[in-house]
Amino acid sequence: MRSVGRRFWRGTTAFLVAIALWQAVVGLTGVPRFILPGPGLVAQALWDNGALIWENALWSAGNLGLGLVIGIVLGVETALLLTLSRRARWLLRPMLVVAQAVPVFALAPVITLWMGYGMPSKIVTIALVTYFPVASALFDRLMALPTGLADLSHLAGAERWRETLLLRLPHAVPGLITGLRLAVVYGPLAVLIGEWVGSSQGLGHLMLMANGRGQTALMFAALFVLATLSLALWVIVEALSRWSVRRLSSA
Amino acid sequence: MIDTFDLTLPAERWSVLLGPSGVGKTSLLRLIAGLPCAARLDGRIAASDGAPLAPRVAMMAQDDQLLPWASALDNVMIGARLRGDRPQRDLARGLLVDVGLGDRAARKPAQLSAGQRQRVALARTLYEDRAVVLLDEPFSALDVLTRHRMQDMAARLLHGRTVVLITHDPAEAIRLADRAWIVSRKGIAPCGLPDDIPPRAPEAAATLAAQAALLQRMRRFCAPRAA
Ligand SMILES: Nc1ncnc2c1ncn2[C@@H]1O[C@H](COP(=O)(O)OP(=O)(O)OP(=O)(O)O)[C@@H](O)[C@H]1O
Ligand SMILES: [Mg+2]
């Protein structure tokens, strides 16, 4: 608990220092406020447009949450399916490799074309960019059973699904965490890109709109909220990671 | 690795293999267990009753190979879980008591010393209750006294099983072996043992003499080839 408190203070200090630097840059260079507004102006914009930002943030966060859950669940299922079935591996493994080479973000315009400007296209985009890293990071680790554990399974004559459940899955948890780390980085990016490609709501939409109207402070305010959302996700994954390390190795 | 050999291991007895590091003892054991192995075997391994060996084998590997996420108790019972049998907690607890870790059942491997981990692995191997038991340097991480206790316990619990024990310790070999062999690059050679029944008293004159003889024989048999 004490270390959590200490980390919190460290984070807060770093945040305050960054704000001070930002203010210093604005003050010393005298850049016009429509290029780079100071932190005070951004805070003001956040306050003045609270309802507007909240409404759009809620929409984006909802999409993000739903998209992440769908992407992660499907990713885990795919990794397990590939581990359990040789036939599925034969068929799907090359696809997974190819999909990693293709920048999935580039599909956002296509998805918007097919599914329209509404929620479904956003959720699919987010789910898609989180699906592949989760599936492949978990799958790689599921297939990399250490010799000693493979021996145990071999000597016991364990069925594949028992081996997967009892040995491969616990061993692969770090792989899942790696996938989640990537997912919470890609997810918010997918929110932005999806909304930039075409949307009438959301933080990304708000940023574009504010930009078009020269309301730079509002744009920064929306960005700030999205960054906070990303940070919250990162904190959750970090906590999961610590918990799993504790759970799976010592104590 | 080992050149050519024809090794017949007696059923329901302790067979001990000694030999220099890297000669292929572990590989040989893996071949017997039917596990994938770097070494190539030109020949075959068969049981005298003609039935397949693999399902009757329990093996204790050279490094403990415990599940890092599972308690000592769960590690002992992993074989049962993998087979889909009902894990027998009381049996597992009893075995942990036998190896002197009754009070460590809930600990995870990272919280145990190397010797304690090795004893958990021993308990896991005993839990399997197989007719053929392969032990790869099972006592190597233990102090002398604990080692003696474990040797006695293993001799007792594995009485009547076909045991293959690999060791680097001539004293251990003499103490436990019904038959013993020296493995070297040139082949596998049997070595002499006292007449009494193992486990032998470590301080008996015959045991000590046999140890000395074995050491000398190993020196000669395993010496690096002259240039
Ligand atoms: N996975 C592997 N890939 C390639 N070579 C291997 C592998 N495992 C073992 N070897 C080689 O096979 C030889 C025999 O190894 P093995 O483990 O059987 O020796 P050992 O007699 O058990 O030695 P030690 O007493 O040190 O345990 C060694 O020369 C080793 O380098
Ligand atoms: Mg070895």
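Chain A has ten helices and zero strands, where helices (H or I, at least four residues) and strands (E, at least two) are DSSP runs numbered from the N terminus. This is a predicted model, in which local features need pLDDT of at least 70, side-chain atom pairs count only at pLDDT 80 or more, and totals for chains, interfaces and linings use all residues. Residues are numbered from 1 along each chain as its sequence is written, chains are lettered from A and ligands numbered from 1 in the order in which they are written, and side-chain values use heavy atoms, with hydrogens and water left out.

Colleague: What percentage of the residues of chain A count as buried?

Modeller: The C-alpha trace of chain A spans about 70 × 50 × 30 Å along its principal axes. A residue is buried at under 20% relative accessible area, exposed at over 50% and partly exposed in between, with a 1.4 Å probe and protein chains only. Of the 251 residues of chain A, the buried share is 39%.

Colleague: What share of the contacts in chain A with a separation of 6 or more comes from residues 24 or more positions apart?

Modeller: Contact here means heavy atoms within 4.5 Å. Among contacts in chain A with a separation of 6 or more, residues 24 or more positions apart account for 74%.

Colleague: Which parts of chain A does the aromatic pair of A:F105 and A:Y186 tie together?

Modeller: The structure holds five aromatic pairs over all chains; rings of Phe, Tyr and Trp (its six-membered ring) pair if their centres lie within 6.5 Å, with planes under 30 degrees apart counted as stacked, over 60 as edge-to-face and the rest as tilted. A:F105 and A:Y186 form an edge-to-face pair, at 5.9 Å centre to centre and 80° between the planes. Because A:F105 lies in a loop and A:Y186 in a helix, the pair ties together parts 81 residues apart in sequence: the loop between α4 (86-101) and α5 (108-115), and helix α8 (residues 160-197).

Colleague: Are A:F105 and A:Y186 buried, partly exposed or exposed?

Modeller: A:F105 has a relative accessibility of 22%. For A:Y186 the value is 31%. Both residues therefore count as partly exposed.

Colleague: What is the angle between the planes of A:Y131 and A:F132?

Modeller: A:Y131 is buried, at 18% relative accessible area, and A:F132 is buried as well, at 17%. Their rings form an edge-to-face pair, 4.9 Å centre to centre, with an angle between the planes of 75°.

Colleague: Which three residues supply 38% of the area that chain B buries against chain A?

Modeller: In the interface, 23 residues of chain B are in contact with 23 residues of chain A. The two chains bury about 1800 Å² between them, 64% of it on carbon and sulfur atoms; buried area is the accessible area (1.4 Å probe) that two parts lose on being put together, summed over both. The three residues that supply 38% of the area on the chain B side, more than any other three, are B:W69, B:L82 and B:K108.

Colleague: Which residue of chain B is in contact with A:S153?

Modeller: A:S153 is placed in helix α7 (residues 147-156) of chain A and is buried, with a relative accessible area of 3%. Leaving aside neighbours within four places in sequence, A:S153 contacts A:A158, A:E163 and A:L167, together with B:L82.
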